[in-house]
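Keep the structure in view while reading.

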Amino acid sequence: MADENINSDTMRFLTFGNSDLPIFREVKSKEWIYYGEKNDFPYYLIDLYTESAYHKAIIDGKVDYISGGGWAIKTDKLNTEQKALSARILEQPFGIYNLNEATLRWTLDMEMFNGITIHGVWSKDKKSASLHYIDMANIRTNADESKFFYTNRWFIQNTSGERVVNNKPDKELDWKVYEKYDNVKREGEFIYYWKAPYPTQKVYPIPVYQGAVRWINIDISLAKYFFHTVENAFVPTHLINFFNGEPSQEKSDAIERRIKEKWTKPDGARLIVNFAKSKDTAADVQTLQMTDADKQYDAVRKFSEQAIFSGHRVTSSMLFGIYREGALGGRSELAFAEEHFQNAYITNRQHILENIINELASDFGMTSEFYLNRVRRIGYMFDDATIVSVLSQEEKRKYVLEQLGIKEVLNPKGQIFNTDLPTNEISQKEWIDKFKLIGKDYSNTKLLYERELHNYDIESVRLSEENYISNHFAETIKATTLERSIIDLLTKDSTLQPEAIAEATKRSVSDIKATLTDLLDREMLKPQKINIGNDTAKGYDVTDKGTKTLSEKPAKTAELKVVYRYGLSFKFKGESIIIPTSREWCREISAESESGKRWTSEDIFSLTPAETDINPWTQRGGWYTKPKTDIHLPQCRHAWIQELRTTITN
């Protein structure tokens with residue numbers, strides 16, 4: 001950043017901003033440590049990011065490489081319940097973001113400041129916590145990092161627009177104090193704090209690119225210099241000397257302002273005015289000839305560019321869309337540079353984020369393992385000759401059809417037909433018999449939800465099942481064992497106070513009070529006043545909703561099952577399931593479904609012959625014509641309906 005100063009000789013000049021290491025100093029009257037001399041070092045780093053094109057391109061590129069692929073979960077050792085819960089973690093709110101969106105912001109902080117702060121709030125049952133993104137630039141800590149302080153007003157601006165220390169940040173409206181993350185205490189709000197180690201700094205992190213900060217400042221100043229040069233139309237600069245004595249500061253400013261107003265643009269001065277104390281009273285106007293500034297700029301630009309990339313530990317600027325003159329930039333060179341950058345830098349940064357999220361997930365009782373997908377910007381391309389040389393004749397045919405956008409499947413006889421065209425009726429006798437054989441009776445189970453299935457590939461079906469169960473967890477509020485015990489006790493004696501309930505349930509009074517508040521919010525209890533002698537006390541009446549909770553056994557996860565029936569599509573609700581033109585498959589399998597038979601996705605996929613591309617999900621009836629119209633639909637009125645059921649009997 002450029003600061004304008006005035007020396008003792010009244011000459012105005014530009015100086016570079018402070019690029020030394022920040023001073024972390026402790027003020028005796030404050031709990032927090034200053035992050036920089038003016039407590040504004042993070043904002044200085046934000047200024048560098050905003051104003052240097054090279055620097056910003058590198059940081060943004062790093063963020064894309066580290067987090068752009070998004071989160072995934074290793075599910076090979078998880079059951080359906082665990083998969084569903086893990087999938088929900090990816091989409092649940094992290095503040096106003098989901099996990100992937102929050103990670104983009106954490107990664108930006110990591111690459112800008114070399115640290116991460118996560119704001120969390122422990123749940124009432126202390127089993128888990130909600131996590132949120134919080135801006136690291138607005139966080140300060142004490143010497144032992146046991147407390148964290150937040151405000152976005154750590155500095156204020158004076159009348160000149162300069163940053164000065166805010167001596168009373170704790171009086172700001174957004175001021176908050178947080179405890180350090182404590183997996184044992186598990187109360188209230190907390191800050192999870194990670195910073196990269198640095199030899200001489202103990203409290204706040206030092207950015208990865210600290211060694212290049214001076215060069216980033218040079219890049220910014222060069223851009224400003226040439227911006228003003230272009231604005232001034234590349235005219236020569238003039239020096240005007242006045243030899244009639246040195247006027248007062250006020251008078252010299254007025255003279256300079258009048259000259260600028262007459263001879264220059266308001267925002268691009270082409271004159272430097274100097275006041276001296278001797279010589280004749282006539283002004284001396286000197287022309288400052290243009291130098292080889294273009295050559296000097298080119299040399300400095302190359303040095304600064306190289307230093308910035310080196311400071312960021314980047315070996316190839318081409319990975320960030322910056323090409324040097326004379327560089328070949330072939331695909332193989334780019335692929336090699338990307339692989340090297342991934343292994344030398346990105347993988348380690350991804351591991352930091354993975355370790356943080358997996359540590360928190362483990363503390364919250366989750367057995368899932370989260371990982372970040374790798375981003376590959378430079379893909380591999382093969383010419384036609386290479387592709388043809390490794391494909392069989394059948395593979396070549398399929399490859400050509402895919403390039404043309406033609407989809408195909410095989411019928412049970414191995415005949416190819418275009419799925420975009422009407423299909424002939426296919427004999428499904430063998431499949432019908434098998435479906436009847438493996439179907440199970442679910443008539444004594446309770447239907448929780450149902451929806452029509454539209455995507456039938458294995459991954460889509462499996463994912464839809466995981467999301468189905470996950471949504472059930474999100475929408476269904478189950479009474480815990482403690483809640484049921486409290487409701488049961490109050491049903492027998494509505495005058496019981498929290499202390500008595502705590503003694504009866506062997507839980508703390510604070511737990512009981514928190515649970516009572518929650519039950520009131522959910523309208524399972526309602527408050528009442530009770531008379532105790534001459535005094536009144538707060539009592540609790542159990543509502544019908546609370547009574548019903550006792551009579552209903554909450555569905556356990558192990559008792560949830562996703563199954564499928566074959567029946568009328570929701571689009572034809574209210575119509576007859578079978579009509580005279582219904583095909584054999586539709587008649588038989590819908591009748592099985594009406595009798596209570598259901599199939600799991602494993603059942604249906606198990607009937608797909610390994611040597612063919614037959615998909616049982618798509619074997620519905622042929623084209624359907626709406627009565628008394630010329631409207632033709634490329635499928636019949638039936639569909640597979642996905643159901644979420646609990647095996648608890650009605």
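This is a predicted model: local features need pLDDT of at least 70, side-chain atom pairs count only at pLDDT 80 or more; totals for chains, interfaces and linings use all residues.

Arg140 stands opposite Phe149, a residue of strand 7. Strand 6 and strand 7, the latter covering residues 147-150, are paired in the antiparallel sense over three bridges. The two strands form a hairpin, with five residues between them. In the turn of this hairpin, Glu145 has a positive phi of about 60 degrees.

What holds the strands of a sheet together? Strands of a sheet pair through backbone hydrogen bonds, and the pairing is either parallel or antiparallel. Strand 7 also pairs with strand 10, in the antiparallel sense and over four bridges. Here Lys147 has Glu179 of strand 10 as its bridge partner. Glu179 has a bridge partner in strand 11 as well, namely Phe190. Strand 10 (residues 176-180) and strand 11 (residues 189-195) pair in the parallel sense, over two bridges.

These pairings belong to a wider arrangement. In what order do the six strands of the open sheet lie? The order is 5-4-11-10-7-6, and the pairing is mixed. Strand 5 (129-133) and strand 6 (139-141) are the edge strands, each pairing on one side only. From one strand to the next, the twist averages 35 degrees.

Which helix packs on the sheet? Helix 4, made of residues 99-113, does so, touching strand 4 (115-122), strand 5 and strand 11. The direction of helix 4 makes about 140 degrees with that of strand 4.

Helix 4 has a helix contact too. Its axis and the axis of helix 1 (residues 41-51) come within 10 Å and cross at roughly 100 degrees. An angle from 65 to 115 degrees counts as roughly perpendicular, so helix 1 is roughly perpendicular to helix 4. On the side of helix 1, the contact is made by Pro42, Leu45, Ile46 and Tyr49. On the side of helix 4, Leu108, Met112 and Phe113 take part. The residues of this contact divide into seven nonpolar, no polar and no charged.

Now turn to a residue further along the chain. Is Thr600 buried or exposed? Thr600 has a relative accessibility of 12%, and the cut-off for buried is under 20%, so Thr600 counts as buried. Thr600 lies in the loop between strand 23 (597-598) and helix 18 (601-606). Leaving aside residues up to four places away in sequence, Thr600 touches Lys561, Val562, Val563 and Tyr564.

Asp544 and Leu525 are 19 residues apart along the chain, and their C-alpha atoms are separated by 8.8 Å.

Last comes the whole protein chain. The chain has 18 helices and 26 strands. Of its 650 residues, 42% are buried. Among contacts with a separation of 6 or more, 69% are between residues 24 or more positions apart. The chain exposes about 37,100 Å², and carbon and sulfur atoms supply 52% of that area.

Notes:
Residues are numbered from 1 along each chain as its sequence is written. Side-chain values use heavy atoms; hydrogens and water are left out. Two strands pair if DSSP finds at least two bridges between them. Axes are lines fitted to C-alpha atoms, for helices over the stretch in contact, and angles run from 0 to 180 degrees between N-to-C directions. Contact means heavy atoms within 4.5 Å. Angles under 35 degrees count as roughly parallel, over 145 as roughly antiparallel, 65 to 115 as roughly perpendicular and the rest as oblique. Ala, Val, Leu, Ile, Met, Phe, Trp, Tyr, Cys and Pro count as nonpolar, Asp, Glu, Lys and Arg as charged, and the others, Gly among them, as polar. Buried means under 20% relative accessible area, exposed over 50%, partly exposed in between (1.4 Å probe, protein chains only). Accessible areas come from the Shrake-Rupley method with a 1.4 Å probe; for residues, only the protein chains shown count as cover.
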